Amino acid sequence: MRIAVIDEAEAKAQLGALAEILMQSIEDGALVGFVLPFGAEEAQSYWQGIFPSLADRERLLICAFVEDNLVGTVQLYLSPEPNALHRAEVYMLLVHRDFQRQGIGSALMASVEDEARKRKRTLLLLDTAEGGASERLYRRMNWRQVGVVPHNFVDPFGKPKASIYFMKHLTL
């Protein structure tokens, strides 16, 4: 497995794989902002919508590759506000269904922390669905729960879900 930060050009080249991972994740119930039905056009549109923030280096797209195939991804949004240059937010940890439970999510999250440190970000924030695999992963990786919002969103099937908010302080 290889973990790499990819730029806008590489993200464009990987658009099909990124769209496939997003569609699979939503079909499998991932709570990443979308509901079913959700197809290739919507998935590609989502990724195309983040390309400008990759070009601006406001957002990092960190990807996992196995034998040159993109199998997982996570985003690190670097807060640009002058009073928040110490902070970043983690978005959309996604792992291809055929590669789950192989340490890829953990490797991507470890890379998130490394990339944040390189950019002098000492506070990371994220939210996830209560009771899911991601919650267990974040707890194992020593993220601290800071709150729960009941019925904050609906899953891809329309069922209300709670969000758990986590934070992690990093040392440089």
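Predicted model: local features only at pLDDT ≥ 70, side-chain atom pairs only at ≥ 80, totals over all residues.
His-96 sits in the loop that runs between strand 4 and helix 4. The relative accessible area of His-96 is 14%. His-96 is therefore buried, since the cut-off is under 20%. The side chain of His-96 makes a polar contact of 3.0 Å with the side chain of Gln-24. Beyond neighbours within four places in sequence, His-96 is in contact with Ile-21, Gln-24 and Val-71.

Helix 4 spans residues 104–118 and includes Ser-111. Ser-111 has a relative accessibility of 11% and so counts as buried. With neighbours within four places in sequence set aside, the contacts of Ser-111 are Ile-3 and Ile-62.

Helix 4 also takes part in the packing of helix 5. Helix 5 covers residues 133–140, and Glu-135, Leu-137 and Tyr-138 are buried there. These residues lie on the same side of helix 5, because they cover an arc of only 160° around the axis. Their packing partners are helix 4, strand 4 (87–95), strand 5 (123–129) and strand 7 (160–169). Just after helix 5, Asn-142 adopts a positive phi of about 65°.

How values were computed. Residues numbered from 1 in each chain as written. Heavy atoms only, no water. Helix = DSSP H or I, 4+ residues; strand = E, 2+ residues; numbered from the N terminus. Buried < 20%, exposed > 50% of the residue type's maximum accessible area, 1.4 Å probe, protein only. Contact = heavy atoms within 4.5 Å. Arc of directions from axis to C-beta. Polar contact = N/O pair within 3.5 Å; in protein donor to acceptor, adjacent residues only side chain to side chain.
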